[in-house]
Amino acid sequence: MQGTDSIDRMILSILTKEARIPMKSLAGRIGLSRSATTERVTRLEKAGIIRGYRADIGQLDDGQIQAFLLVTLKRTPSLGVLDRLAGYAAVRKVSSVSGQLDLVVEVEVGSINALNELRNEVSAMDRVDDLTSLIVLRREIERS
């Protein structure tokens, strides 16, 4: 990786883990402007250091972490939140429920880190008031 500096290596480290990170977020994490970050990423792509972006699909069965995100909304209905949740591949089911909660979101992720990232993204949505996570330890009864 000749011709790269510590900032380029930070960019590569982040993109290795989060290939779909928005340029604005990447810029904030490395401490540069969005335009300077875009120029660096473009240079790394043209140099062949970044050869592409891909989905790295992990195990689909064993090793997957299943969890419930219990979501309280600031107000209902909130179709914008439902639209955003539908965009996450880890989201398996979303149920509107009665009572103190508004949504029960069933998710399946490959790691605790992935669960934390998803949880952070959902809790940061404008219309989300509160979020609680429950990790499934074991399915005792499951019917199709």
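Me: What should I know about the model and its numbering before I start?
Reply: This is a predicted model, where local features need pLDDT of at least 70, side-chain atom pairs count only at pLDDT 80 or more, and totals for chains, interfaces and linings use all residues. Residues are numbered from 1 along each chain as its sequence is written, and side-chain values use heavy atoms, with hydrogens and water left out.

Me: How are two packed helices described?
Reply: By the angle between their axes and the distance between the axes. Axes are lines fitted to C-alpha atoms, for helices over the stretch in contact, and angles run from 0 to 180 degrees between N-to-C directions. Helices are DSSP runs (H or I, at least four residues), strands likewise (E, at least two), numbered from the N terminus.

Me: At what angle do α1 and α2 cross?
Reply: At roughly 130°, and their axes come within 10 Å. Helix α1 covers residues 6–17 and helix α2 covers residues 23–30. That makes α1 oblique to α2. Angles under 35 degrees count as roughly parallel, over 145 as roughly antiparallel, 65 to 115 as roughly perpendicular and the rest as oblique.

Me: Which residues of α1 and α2 make the contact?
Reply: Contact means heavy atoms within 4.5 Å. From α1 come Ile 7, Met 10, Ile 11, Ile 14 and Leu 15; from α2 come Leu 26, Arg 29 and Ile 30.

Me: How do α2 and α3 pack?
Reply: At an angle of about 100°, with axes 9 Å apart. That makes α2 roughly perpendicular to α3.

Me: What is a nonpolar core?
Reply: In soluble globular proteins, nonpolar side chains tend to be buried together. A core is a set of buried Ala, Val, Leu, Ile, Met, Phe, Trp, Tyr and Cys residues joined through side-chain atoms within 4.5 Å. Buried means under 20% relative accessible area, exposed over 50%, partly exposed in between (1.4 Å probe, protein chains only). Here the largest core has 20 residues. Leu 69 and Val 107 are among those with the most contacts inside it. Strand β1 gives the largest share, 5 residues. Apart from this core lies another, of 10 residues, including Leu 12 and Ile 50.

Me: Where is Glu 45?
Reply: In helix α3, residues 34–46. Glu 45 counts as partly exposed, because its relative accessibility is 33%. Not counting residues up to four places away in sequence, Glu 45 touches Ile 50 and Tyr 53.
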